[in-house]
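Let's take a walk through this one together. Have a look at the sequence and the 3D view first, and then read on.

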Amino acid sequence: MSRYYLPLFLMMGMLIGLQNSVPAQMPNDAIYMNKNTICVMAAYGQNSWDEYWENTLKRENLNIGTNTTQMYMVMVAAGITDKLNLLAGLPYVQTKNSAGNLLGQKGLQDLSATLKYKFFENHGLSLHGALGGSIPMSNYIPDFLPMSIGIGSTTLTGRIIANYKHHSGIYITLHGGYTGRNNINIDRDTYQAYDRVYNTSEVAIPNTADGGINLGYLKNGIQATLFMEKFDCIGGDAIRRNDMPFPTNNMVSNNVGAFLKYQPSHFGINGRIAYVTSGQNVGQALSFMAGILYQFSIKGESVGVSN
Amino acid sequence: MKKNHTILHSILIAGFLILSCNKEIQDSSAVAYLPSNLDNNAGTWKPYILANTSEVAVADPKPVSDPEYLKELDSLKNFIAPRVSPENKAAIKYWGAGAVYRWNEIARELAAKYNLPPASNAEGKYPAPDAANPLADPKFPFANPPYTARALAYLCVAQYDALITAWNYKFKFNRKAPYKNDLSIQPLLPPTDLPSYPSEAAVVAAASYTVLIAMFPGEVPYLDSKLAECKNASVWAAMNTPSDISAGDALGKAVAAKVMTKAKTDGMAAANNQTLTTGMIEAAKGRGIQNPWLSQEAPLRPPMLPNYGAVLTWNFDKAALVSMRPPIPYVVGSPEFEKDLNELSYIQKNQTREQARIANFWSDGIGTPTPPAHWHRIAANAGIDSKFSEVRMARTLALLGTTEMDAGVACWDTKFYYYTPRPQQFGLKTSIGLPNFPSYTSGHATFSSAAATILGYLFPDQATEFIRLANEINESRIFGLIHYRIDCEMGFEHGKKIGIHAIARGKTDGSGQ
């Protein structure tokens with residue numbers, strides 16, 4: 001019996017599923033809300049897998065079938081200045097398997113917030129920094145993987161983003177981030193990890209690093225992006241043969257995907273799809289998200305985004 | 001703009017604090033102590049396997065005036081003491097908590113490491129672990145609760161029989177500790193009046209090693225290193241001379257070899273005899289069970305050790321096992337069954353976080369040291385808190401270990417006698433994972449009630465607390481949705497009877513308790 005992937009969800013939830021889909025912009029792009037402009041998004045996202053990597057061994061699990069995570073999210077992006085934006089999001093998550101008897105879990109997951117700042121811009125070339133964090137918003141069970149809705153860690157992410165935008169609307173973005181993840185406490189006071197037994201309820205969660213490239217077009221309210229991303233844990237252990245996954249696992253994944261947005265006026269829509277092409281200790285997830293956006297100005301300034 | 005920089009600055013500092021925080025996990029760890037009582041008469045206590053504490057001979061030690069012994073003392077003082085490294089000191093500190101305590105901990109750690117069910121292969125079969133090829137997939141053993149209960153029982157019995165034999169010889173020969181024979185030797189652990197020949201640490205190390213390499217044959221290199229470290233630590237700490245150690249090593253190995261001779265013929269070899277299940281199901285149907293247990297895994301997994309109920313018990317015989325066997329539970333369709341099932345359905349819909357926590361805390365499922373090992377941990381820590389001597393710690397864990405194996409055997413006998421269905425056969429899910437064997441009675445309930453009963457006798461001032469824990473464990477299986485209430489209640493009653501048999505043994509073992 002193996003469960004698995006919620007760590008992936010949390011990690012990718014934080015790093016892909018949620019942040020990438022923040023309306024109009026993300027922590028890893030170079031797009032900004034104008035000063036005093038706010039964009040609110042309501043979105044539904046889902047990801048599912050029926051195969052996963054048990055360490056490096058790709059396998060199915062007939063006692064899981066297809067593992068599905070559903071997310072209902074509210075997100076906000078706000079222009080504090082034209083160069084400083086605040087992004088925040090909060091998902092409600094529920095999980096289920098199509099086979100076996102593991103009880104699905106549900107609840108409010110982690111509140112995330114990021115400040116993104118444009119340091120430099122010249123002739124379409126720009127450099128940005130983002131600092132964000134996340135904190136669990138409910139006392140969910142972090143180690144009942146893959147059914148858990150998250151791994152319960154408080155995180156802090158630092159990120160740098162480099163962007164070049166051509167006046168035609170075509171742009172390219174490179175980004176890289178590092179996420180510190182705090183130790184967590186589980187319900188048990190003993191557990192096995194890193195090939196030994198710990199007699200405590202405290203569990204060390206590996207930090208993560210991620211990086212990626214976006215290639216896209218942004219003009220006249222239309223954004224279309226293709227992306228590739230890589231996520232790595234810094235350390236961590238492997239799912240043992242036929243074992244359950246655990247929050248300490250070294251989750252690695254490589255992803256490709258596309259993001260589309262259309263925002264002709266105050267209202268807009270966006271959609272995102274991503275697929276894990278390879279990984280370790282993660283599910284080979286196909287995920288999608290669709291959202292409705294509403295953008296408004298709080299001081300009568302012009303509504304819009306800049307890139 | 002300036003304000004924005006201030007905000008960013010604050011966040012960067014906060015970020016630095018989080019990223020730089022220490023991830024290191026602080027385990028609780030026992031330390032050395034002076035026993036409240038040396039139990040000088042333990043050489044007269046009753047063994048489990050040996051006929052008496054003189055059955056295995058120990059050679060006479062050299063007199064303390066003998067040049068060979070004086071040379072050993074000189075070596076401790078002038079060769080070893082100046083060369084004790086920080087790593088050696090860490091080993092001394094670790095083993096200072098007691099060899100019985102540490103070897104029990106090592107065994108529990110190995111149980112957790114090997115507590116993984118075999119994966120199914122391409123043909124949809126589950127290959128059996130192979131003791132001759134322990135590190136192949138699937139690894140041998142699958143250290144499930146019955147396996148681990150038994151492994152720990154033999155470990156504890158070997159330690160106990162070896163230690164009471166050691167106590168016999170210690171007080172017969174009465175060779176004092178090195179630092180009492182040469183006052184200029186400084187021990188690195190609390191000094192004791194206990195005679196040092198044969199070394200109790202070496203006795204326990206060798207006995208434990210002999211049992212554990214048989215139970216976990218893939219761990220020989222690891223166990224070799226632990227054996228060497230345990231023995232060396234006693235010399236580095238100047239608690240023993242090499243001749244104390246070698247005598248203890250020989251004694252421990254000789255006693256454990258006799259213990260393992262019994263282990264090889266206790267019926268465990270036939271515990272996984274899957275050909276018996278057809279007959280078991282028919283017999284259960286004949287007893288009125290119309291919906292027998294069926295594996296809920298895909299592909300269907302053969303039940304865990306269906307014939308473990310035929311393995312030899314320690315503290316009672318087969319007739320007693322049969323006479324204690326709980327009566328038939330509520331059958332499917334009866335109002336009582338419906339009531340128990342409805343309770344589970346309600347919890348599935350309304351499980352509180354506290355119920356989930358209790359279910360998780362006591363789950364002791366895949367990848368954990370198992371429920372009997374959880375009780376070993378509780379008992380070993382209670383022994384440390386009570387400052388038990390090494391030999392009383394061994395008696396405590398042998399009484400518990402044999403009780404837990406008896407509980408496992410008697411519970412498995414019951415499970416496969418009635419072969420009752422799990423709640424998951426009626427649509428329930430689980431928040432902790434479903435064991436792959438029949439439902440009635442609960443293994444957790446039986447293990448826990450038996451453990452709480454014997455531990456209540458061994459630690460009378462904590463008896464109420466142990467019963468409280470056992471009751472919480474009972475509820476945990478209901479909260480986790482894998483047992484009907486009747487499974488837990490009847491398992492609890494059963495476990496109590498099993499524990500009472502162990503108390504009877506404890507009262508007549510010569511320890512005076």
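Among contacts in chain A between residues at least 6 apart in sequence, what percentage join residues at least 24 apart? The figure comes to 65%, where two residues are in contact if their C-beta atoms, placed from the backbone, lie within 7 Å.

## Before we start

This is a predicted model, in which local features need pLDDT of at least 70 and side-chain atom pairs count only at pLDDT 80 or more, while totals for chains, interfaces and linings use all residues. Residues are numbered from 1 along each chain as its sequence is written, and chains are lettered from A and ligands numbered from 1 in the order in which they are written.

## Chain A

Chain A has 1 helix and 21 strands. Both kinds of element are DSSP runs numbered from the N terminus: helices are H or I with at least four residues, strands are E with at least two. Of the 307 residues in chain A, 56% are buried. Here, a residue is buried if 20 or more other C-beta atoms lie within 10 Å of its own, exposed if 12 or fewer, and partly exposed in between, with C-beta atoms placed from the backbone.

A few loop residues are worth a stop. A:Thr154 sits in the loop between strand 9 (125-136) and strand 10 (155-165) of chain A, and it counts as partly exposed because it has 16 C-beta neighbours inside 10 Å. Leaving out residues up to four places away in sequence, A:Thr154 touches A:Ser134, A:Ile135 and A:Asn182. A:Thr154 and A:Ile135 are 19 residues apart in sequence, yet their C-alpha atoms are 4.6 Å apart.

Two other residues have a positive phi without being glycine. One is A:Asp195, at about 65°, in the loop between strand 13 (191-193) and strand 14 (196-198) of chain A. The other is A:Asn242, near 60°, in the loop between strand 17 (222-234) and strand 18 (252-262) of chain A. Are they buried or exposed? A:Asp195 is exposed, with 10 other C-beta atoms within 10 Å, whereas A:Asn242 is buried, with 23.

## Where the chains meet

The contact between the chains takes 42 residues from chain B and 37 from chain A. On the chain B side, helix 1 (2-19), helix 4 (99-114) and helix 13 (353-363) each give two or more residues, and helix 1 of chain B gives the most, with 7.

That side of chain B divides into 19 nonpolar, 13 polar and 10 charged residues. For these classes, Ala, Val, Leu, Ile, Met, Phe, Trp, Tyr, Cys and Pro are nonpolar, Asp, Glu, Lys and Arg are charged, and the others, Gly among them, are polar.

## The nonpolar cores

A nonpolar core is a set of buried Ala, Val, Leu, Ile, Met, Phe, Trp, Tyr and Cys residues joined through C-beta atoms within 7 Å. The largest one has 180 residues, and B:Leu155, B:Ala158, B:Ala162, B:Leu163 and B:Val204 have the most contacts inside it. Helix 5 (residues 145-173) of chain B is the biggest giver to this core, with 17 residues.

B:Leu155 touches B:Trp103, B:Ala107, B:Ser208, B:Val211, B:Leu212 and B:Gly401, not counting residues up to four places away in sequence.

## Helix pairs in chain B

Helix 15 (residues 390-418) and helix 16 (residues 443-458) of chain B have axes that come within 9 Å and cross at roughly 150°. Axes are lines fitted to C-alpha atoms, for helices over the stretch in contact, and angles run from 0 to 180 degrees between N-to-C directions. The two helices are therefore roughly antiparallel; angles over 145 degrees get that label, under 35 count as roughly parallel, 65 to 115 as roughly perpendicular and the rest as oblique. By class, their contact has 11 nonpolar, 5 polar and 1 charged residues.

Helix 14 (residues 371-385) of chain B also comes within 9 Å of helix 16 of chain B, axis to axis, crossing at roughly 20°, so this pair is roughly parallel. B:Pro371, B:Pro372, B:Trp375, B:Ala379 and B:Ala382 of helix 14 meet residues of helix 16 including B:Phe447 and B:Leu455.

## Two cis bonds

The peptide bond from B:Phe140 to B:Pro141 is cis, with omega near -5°, and B:Pro141 lies in the loop between helix 4 and helix 5 of chain B. The bond from B:Tyr197 to B:Pro198 is cis too, with omega near -5°; B:Pro198 is in the loop between helix 6 and helix 7 of chain B.
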